[in-house]
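Subject: Structure handover

Hello,

Here is the structure for you to take over.

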Amino acid sequence: MEYSNLGRTGLKLSRLAMGCMTFGSSKWAPWVLDEEQSRPILEKALDLGINFFDLADMYSAGESERVVGRVLADQPRHKLVLATKLYNPMSQDPNDRGLSRKHVFEAVDGSLKRLGTDYIDLYQLHRFDYETPLEETLDALNDVVRAGKVRYLGASSMHGWQFMKALGLQRANGWAPFVSMQPHYNLIYREEEREMLPLCRSEGIGVIPWSPLARGRLAGRGGDAASTRAQTDKTANALYDRSREQDDAVIAAVRGVAERHGRSPAQIAYAWVASRPGITAPIVGISNLHQFDDAVAALEVTLSEEDVAQLEAPYQPKPIAGHQ
C-alpha cells in the first residue's frame, strides 16, 4: 500500500480509503452488512495496509461506528486513521441533527462512545447547515479540537463559496482549520472540477472523493436492476439517472480504455479518480472480498494522455448533485 499526506498536514493516509457505509445493520438498509459479514472485509483492509476508515454517525443510525469500533478494537490506535461525520438526523428530536453548538458537542461524544476510542482523527461536516450560523459551528468545532477529542477537521459536499467562507472565518479567528474536503466525484459526475477542486489545490486541502465508481455504474454493477442495492439504494437512484445517454457514452469509454489495458472497468475508473491532481485517496465501498482486487490493482494503472482524453471526452455538464 502507498501512503500520502492529507493536504498540507503531516497525517499519512493509505491511497485507498475504506468507506464504511456498507457496514452496520441490515435493518437500516437491506444491502448493509451485519457485523459477522463486515468483519472479514475490515480485516482484509488491514491486511492490505489500508489505515483510513471513513464513517458517519448516521450510517446504520450509529451501528456502523459500533461495528467498526469493535472489529478494529485490537489494533494499535496509532495505526488507524478513523474519520467520521455529523449533520444528518440521528433521531426524531429536532436538536439531534444539524451543526448547532449543542449538536456538535453531543455528536462528537456519541461517535467517540460508539467507536470505543478517545479521539477521532478526522471529524467532518457531512453537509452544510443552512439553519445554523457558520460561526457557531466553526467555534464549536474548534472547541472539540482544543479539548483533544478531534485531531483534524474536514468537510464534505458543499459549494465552493461556502467552503472558502468557512476557511476564511477559521483563519480570521484563529480556529482549527478544515484540512480536507470529501466531494462527490467520478467520471459520470465532474462538476467539482469547476470550483471545489481548484480551490482545494490552491489552499492545500486534501481531497477524498466519495462514489468514485458512481455507485457501481462505472464498474458495470449499477446496471444490475436485480441486485438488492440497485433496487433499494435511494441515494444512487437520486444521483444517477440511468436514462442519460451521455452517461452511457462515458461508461462505454471506460470499457474501451479497460480493454486496451487488459483491465476491468472498475480499475480504470478508480485509477482515473486517484490520478487526478490534488486527490489524496478515493473512498472505496467494498461488500465482497473480491472487490478489493480492482481497488488495489487500480493503484498500479498508469493512464496515458490519450486514455484520459478518451475517458473525459463524452462528459456533459450536469446539475449539482450530492449536496443534499
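**Helix packing and a pocket**

Helix α9 (residues 245–261) packs against helix α12 (residues 305–312) at an angle of about 155°, with the two axes 8 Å apart. Since angles over 145 degrees count as roughly antiparallel, α9 is therefore roughly antiparallel to α12. From α9, the contact takes in Val250, Ala253, Val254, Gly256, Val257, Arg260 and His261; from α12, Glu306, Asp307, Gln310 and Leu311 take part. By residue class, this contact of α9 with α12 has five nonpolar, three polar and three charged residues. Please keep in mind that this is a predicted model.

The next pair is α5 and α6. The axes of helix α5 (residues 160–173) and helix α6 (residues 196–203) cross at roughly 25° and come within 9 Å. The angle is under 35 degrees, the cut-off for roughly parallel, so α5 is roughly parallel to α6. The crossing of α5 past α6 is right-handed. On the α5 side, Gly160, Phe163, Met164, Leu167 and Arg171 are in contact, and they meet Met196, Leu199, Cys200 and Glu203 of α6. Six residues of this contact are nonpolar, one is polar and two are charged.

The last pair is α2 and α3. Here the axes of helix α2 (residues 63–71) and helix α3 (residues 101–115) are 7 Å apart, and the packing angle is about 40°. Glu65, Arg66 and Gly69 of α2 make the contact with Ser111, Arg114 and Leu115 of α3. The residues of the contact of α2 with α3 comprise one nonpolar, two polar and three charged.

The lining of the second largest pocket divides into five nonpolar, five polar and three charged residues.

Regards

Definitions and conventions: Residues are numbered from 1 along each chain as its sequence is written. This is a predicted model: local features need pLDDT of at least 70, side-chain atom pairs count only at pLDDT 80 or more; totals for chains, interfaces and linings use all residues. Side-chain values use heavy atoms; hydrogens and water are left out. Axes are lines fitted to C-alpha atoms, for helices over the stretch in contact, and angles run from 0 to 180 degrees between N-to-C directions. Helices (H or I, at least four residues) and strands (E, at least two) are DSSP runs, numbered from the N terminus. Angles under 35 degrees count as roughly parallel, over 145 as roughly antiparallel, 65 to 115 as roughly perpendicular and the rest as oblique. A crossing is left-handed if the near helix is turned anticlockwise from the far one by less than a right angle, and right-handed if clockwise. Contact means heavy atoms within 4.5 Å. Ala, Val, Leu, Ile, Met, Phe, Trp, Tyr, Cys and Pro count as nonpolar, Asp, Glu, Lys and Arg as charged, and the others, Gly among them, as polar.
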